[in-house]
Amino acid sequence: MEAPVSLFNPLPIESWLPTKQKPLIISGPCSAESREQVLDTAQKLHSTGMVSAFRSGVWKPRTRPNSFEGHGEKALKWLTEVKNTYGFPVAVEVATPRHVEACLNEGTDILWIGARTSVNPFSVQELAEALKGVDIPVMIKNPLNPDLSLWMGVIERFYINGINKIAAVHRGFNTYEKSRYRNEPLWNIPIELKSNFPELPIICDPSHIAGTRSLLKDIAQQALLLDMNGLMIESHHLPEKALTDAAQQIRPEDLPKLINSLKIPLTNEENPCKELEFLRKKIDEFDYQLINTLAKRMQVVNEIAHLKADCKMTILQVKRWNQIIETRTQDGIEKGLHEKFLKNLLDLIHKESIELQSRIIK
Ligand code: PEP
Ligand code: MN
């Protein structure tokens, strides 16, 4: 992967979305369906005292035409009423420069880029340019497909155009594998995003990952364990009647139960733990030994490569390799390691070994 933009230094989320609530919660309906629905949902969310911003789609990207596509600018006005009545900053999805213009005219507080827009650098570029010189927070959902670079690219395009109130939103990915989730969480992708952009706030959207209410808690808990900065949870005053995403929205009254059921983990800074330091020293030592062992193994591969070249042998000798996989996997399983982990590890080692031998023999 290419290096990310240098000096990526977005503002901390507390500076543009301050909250005493832990974790930070953004909630509201998938779509603004009517003035009554939006205001009733907002009133009930307000009573929970847990919500820092109100979200709602007003232009809805739909898979098939002739479905409900949102009320557009009329709905933006309902959100302004929410803001004026309950004091919530309001967040809306924008997909075109025209949406941006309408939101800026209306005074919408926070914009977000949806997963169907994040996949398209042309659209993203247009949106970023439409926001040049505007001081507004932008939340960036991961693209539909599991492509970390694409997600980073969206973030970078806004940052380069002067947006420094940025958060990423992890909403899961489309994959072909059948799964219990509507969108696979693929947690390693937001983890890698965080490694590349340590200052970037990341909010998890368990609703779009889950696709169904019953999975929300587990996903939200995992997000907190991975030190994400907040949760975006879809809520609707009458979820069964929702025009979009009915199965995943919760009643605002059920939000406190969900949030209170989560364990809020402490960071190392909040709870410096001596024992952890001790265990980490052990890990450091094991990693050192692992790398040493791998280096020694590759030296032997090097010798083997020369020998195979002298003997005019093929590099790949599948019988031997299958034997390695079988014996090492067996050994690893006996020592408590997972089969899938062993397979991935052995595949990686084999790939490197083949590449090394190919370079030597050619
Ligand atoms: C939404 O938040 O309602 C939405 C359309 O999300 P996504 O872009 O993640 O599908
Ligand atoms: Mn939705």
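**Salt bridges and local geometry**

Modeller: Asp245 and Arg182 form a salt bridge, with their closest N and O atoms 3.2 Å apart. The pair joins distant parts of the chain, 63 residues apart: Asp245 belongs to the loop between β8 and α10, Arg182 to the loop between β6 and α7. Please keep in mind that this is a predicted model.

Colleague: Which peptide bond is cis?

Modeller: The bond from Lys22 to Pro23 is cis, its omega being near 0 degrees. Pro23 is placed in the segment before β1 (24–28).

Colleague: How many salt bridges does a search of the whole structure find?

Modeller: The search finds 15. One of them joins Lys343 to Asp347, with the closest N and O atoms 2.8 Å apart. These residues are four apart in helix α13, so about one helical turn separates them. Lys343 is partly exposed, at 46%, and Asp347 is also partly exposed, at 31%.

Colleague: Which residues are linked in a network of salt bridges?

Modeller: The network links Arg251, Glu253 and Asp254. Within it, Arg251 and Asp254 have their closest N and O atoms 3.1 Å apart.

Colleague: Let us turn to a helix. Which residues of α5 are buried?

Modeller: A residue is called buried when its relative accessible area is under 20%. In α5 (residues 121–130) the buried residues are Val124, Leu127 and Ala128. They lie on the same side of α5 because they cover an arc of only 100 degrees around its axis. Their cover includes α3 (97–106), β4 (110–113), α4 (115–118) and α6 (148–160).

Colleague: What caps the N-terminal end of α5?

Modeller: Asn120 does: one of its side-chain oxygens lies 2.9 Å from the backbone nitrogen of Phe122.

Colleague: Which residues make a nonpolar surface patch?

Modeller: Leu337, Phe341 and Leu345 make a patch of about 260 Å². Leu337 lies in the loop between α12 (318–334) and α13 (339–361), and is partly exposed at 39% relative accessible area.

Note on methods:
Residues are numbered from 1 along each chain as its sequence is written. Chains are lettered from A and ligands numbered from 1 in the order in which they are written. This is a predicted model: local features need pLDDT of at least 70, side-chain atom pairs count only at pLDDT 80 or more; totals for chains, interfaces and linings use all residues. Side-chain values use heavy atoms; hydrogens and water are left out. Buried means under 20% relative accessible area, exposed over 50%, partly exposed in between (1.4 Å probe, protein chains only). Helices (H or I, at least four residues) and strands (E, at least two) are DSSP runs, numbered from the N terminus. The arc is that of the directions from the helix axis to the C-beta atoms. Contact means heavy atoms within 4.5 Å. A polar contact is a pair of N or O atoms within 3.5 Å; within protein, one must be able to donate a hydrogen and the other to accept it, and residues adjacent in sequence count only if both atoms are side-chain atoms. Patches are made of residues with over 30% relative accessible area and no salt bridge: like charges are joined within 9 Å, nonpolar side chains (Val, Leu, Ile, Met, Phe, Trp, Tyr) within 5 Å. Accessible areas come from the Shrake-Rupley method with a 1.4 Å probe; for residues, only the protein chains shown count as cover. A salt bridge is a side-chain nitrogen of Lys or Arg within 4 Å of a carboxyl oxygen of Asp or Glu.
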